[in-house]
Amino acid sequence: MSQKFDVVVIGAGPGGYVAAIKAAQLGLTTACIEKYQDKEGKLALGGTCLNVGCIPSKALLDSSWKFYEAKNQFGVHGISVGDVKMDVAAMIGRKSQIVKGLTGGVASLFKANGVTSLQGHGKLLAGKKVELTKPDGTTEVIEADNIILASGSRPIDIPPAPVNQVTIVDSTGALEFQAVPERLCVIGAGVIGLELGSVWARLGAKVTVLEALEKFLPAADEAVAKEALKTFTKQGLDIKLGARVTGSEVKGDEVVVKYTDNAGEQNITFDRVIVAVGRRPVTTELLAADSGVDIDERGFIFVNDQCETSVPGVFAIGDVVRGLMLAHKASEEGIMVVERIKGHKTQMNYDLIPSVIYTHPEIAWVGKTEQTLKAEGVEVNVGSFPFAASGRAMAANDTGGFVKVIADAKTDRVLGVHVIGPGAAELVQQGAIGMEFGTSAEDIGMMVFSHPTLSEALHEAALAVNGGAIHIQNKKKR
Ligand code: FAD
Ligand code: AMP
């Protein structure tokens, strides 16, 4: 007799594993199918995020920043540390240990919550059945009242730079370099390209970023993108905009990368190339021909705002569906779907998903940019506060960037919070909490903020919206 569950989840990334735990917590019998194996050939839960995404990249960003600070910035504090060296293998080893701890943690959470963990490849069949192909090749059909597809995404390959995981790598390969490349090319100035480029630049690589678009960070507020480009360039990243990669040639341990820009055809020789041109949804062998689940024109599983697919009782969440490709978006979709399966009326607020780029300075935002709001014809008031005027930022020797708060000119309701600078991700979360409750700039201005904190920059920016900042000259008069 085949196994039967209330909920079967395919994929144990931050979408799938969170959905599975929540389902079990709500009393539903739940199984989660995952096929990913670590280097030792063992099942590793956690998906892209824990294994080769958010977590390992942040581990390397933190290690490389400590190195960079020790080498270049400790002197300001009167600290001399002599010749600062980086043991790259040790840094990569630390990263792998963190990954192991967290993926093992998900396995423990499955056990603790009573989620049945099934190893293998899951395929949706017609009639709410899932075929599980186990690592030994045998198959089993599992039945479920509800199925959640959470198969995630993988890096996009481009024909001009085929990944060989030695000289030309994708984001996964860029987390495994065993030595600092002397000349590193990053194709694509998106979030992943900038984060990984920063890691290796801090450790001494000469990094060139080739970006096809003329505009830098088009999703960010223009003031933030301008400041970011200036700062990254000062840090040594050679960011070439309007530079489309058209070909590459591997010559032994080097790669000649060809690209076109306004001046015509160019080529540069590098030691390593990271291809970071985006990610695409994973639907390979996921859906039987008669499963009934529709895919949209870009390869994403088609869902409505509640993550329902074209088949009742079959849902899809995370990177495999439309929207921002972010771990927290995947997880919250997982929670929403499971609560709705239980009969709750949960909805997700897609307008308030924060975006973060974990460079230094960090970049983060929530809500709309000034440019989008103006294009929509919304009249706004804007308040900004530079970290250069923050006592806490000065104490930390980290004064680059600013906080920008955008509010509706008529109602004062906060419509966007944009930060470039220390602690940007945490500050933007404060904005997100306020915005979820419909805060006005005045509300934030009236709150008591601890002194001295970086958060005071948010307070002052909110005050500046209506000309009331205390620690800078106000552009707007009251
Ligand atoms: P995934 O995490 O991709 O998980 C899907 C899982 O499904 C995988 O484990 C896969 O093996 C499994 N699977 C697929 N098909 C099947 C099948 N048929 N049967 C069984 N198993 C299957 N996001 C952030 O929010 N913050 C960050 O800082 C951040 N940093 C990133 C850095 C890098 C380098 C990368 C690559 C990504 C980063 N992301 C970050 C994005 C984040 O990793 C993804 O948005 C997130 O992992 C999506 O979660 P998911 O559950 O939809 O899919
Ligand atoms: P993201 O989708 O945010 O991860 O960013 C990927 C970036 O890669 C985008 O800004 C694309 O414009 C850029 N890109 C895609 N193809 C190429 C190419 N052939 N050469 C240079 N940049 C590219």
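Which right-handed unit do E10, helix H7 (residues 222-234) and E11 make? The legends below take up this question and several other close-ups of a predicted model, in which local features need pLDDT of at least 70 and side-chain atom pairs count only at pLDDT 80 or more, while totals for chains, interfaces and linings use all residues. Residues are numbered from 1 along each chain as its sequence is written, chains are lettered from A and ligands numbered from 1 in the order in which they are written, and side-chain values use heavy atoms, with hydrogens and water left out.

**View 1. Strands E10 and E11 with helix H7.**
E10, helix H7 (residues 222-234) and E11 form a right-handed β-α-β unit; a crossover is called right-handed if, with the strands pointing away from the viewer, the path from the first strand over the helix to the second runs clockwise. Helices (H or I, at least four residues) and strands (E, at least two) are DSSP runs, numbered from the N terminus. Strand E10 (residues 206-211) runs parallel to strand E11 (residues 238-241), and four bridges join them, where pairing requires that DSSP finds at least two bridges between two strands. Within this pair, Leu210 has Lys240 of E11 opposite it.

Ligand 2 has 14 residues around it, of which Gly188, Glu211, Ala212, Val245 and Val277 come nearest; a residue is counted as near a molecule or strand if one of its heavy atoms lies within 4 Å of it. Several polar contacts are shown, each being a pair of N or O atoms within 3.5 Å; within protein, one atom must be able to donate a hydrogen and the other to accept it, and residues adjacent in sequence count only if both atoms are side-chain atoms. The side chain of Glu211 places an N or O atom 2.6 Å from an oxygen atom of ligand 2, whereas a nitrogen atom of ligand 2 has a backbone N or O atom of Ala212 at 3.1 Å and a nitrogen atom of ligand 2 has a backbone N or O atom of Val245 at 3.0 Å. Taken alone, ligand 2 exposes 510 Å², and the protein buries 73% of that, with accessible areas taken from the Shrake-Rupley method with a 1.4 Å probe and, for residues, only the protein chains shown counting as cover. E10 and strand E12 (244-251) are the elements that give two or more residues to the shell around ligand 2.

**View 2. The surroundings of ligand 1.**
Ligand 1 is surrounded by 38 residues, and the closest are Glu34, Thr48, Lys58, Gly122 and Ala327. Polar backbone atoms lie 3.4 Å from an oxygen atom of ligand 1 at Pro14 and 2.9 Å from an oxygen atom of ligand 1 at Gly15, and a backbone N or O atom of Leu326 is 3.2 Å from an oxygen atom of ligand 1. On its own ligand 1 has 1,000 Å² of accessible area, of which the protein covers 94%. Two or more residues of the shell come from each of E2, H2, helix H3 (54-72), strand E4 (121-125) and helix H8 (327-341), and H2 gives the most, with four residues.

E2 is largely enclosed by the rest of the structure, because five of its five residues are buried, that is, under 20% relative accessible area, as against over 50% for exposed and in between for partly exposed (1.4 Å probe, protein chains only). In a regular strand the side chains alternate between the two faces of the sheet. Thr30, Cys32 and Glu34 point one way from E2, Ala31 and Ile33 point the other way, and all are buried. Strand E1 (residues 4-10) pairs with E2 in the parallel sense over four bridges, with Val9 opposite Cys32, and E1, helix H1 (residues 16-25) and E2 make a right-handed β-α-β unit. E2 also pairs in the parallel sense with strand E3 (residues 116-119), again over four bridges, and the bridge partner of Glu34 in E3 is Gln119.

**View 3. Asp38 in its loop.**
Asp38 is placed in the loop between strand E2 (30-34) and helix H2 (47-52), and at 25% relative accessibility Asp38 counts as partly exposed. A polar atom of the Asp38 side chain lies 2.9 Å from the backbone nitrogen of Glu40.

**View 4. Asn146 in strand E6.**
Asn146 belongs to strand E6 (residues 139-149) and is buried, with a relative accessible area of 14%. Leaving out residues up to four places away in sequence, Asn146 touches Asp6, Val7, Val8, Gly313, Phe315 and Ile341, where contact means heavy atoms within 4.5 Å.
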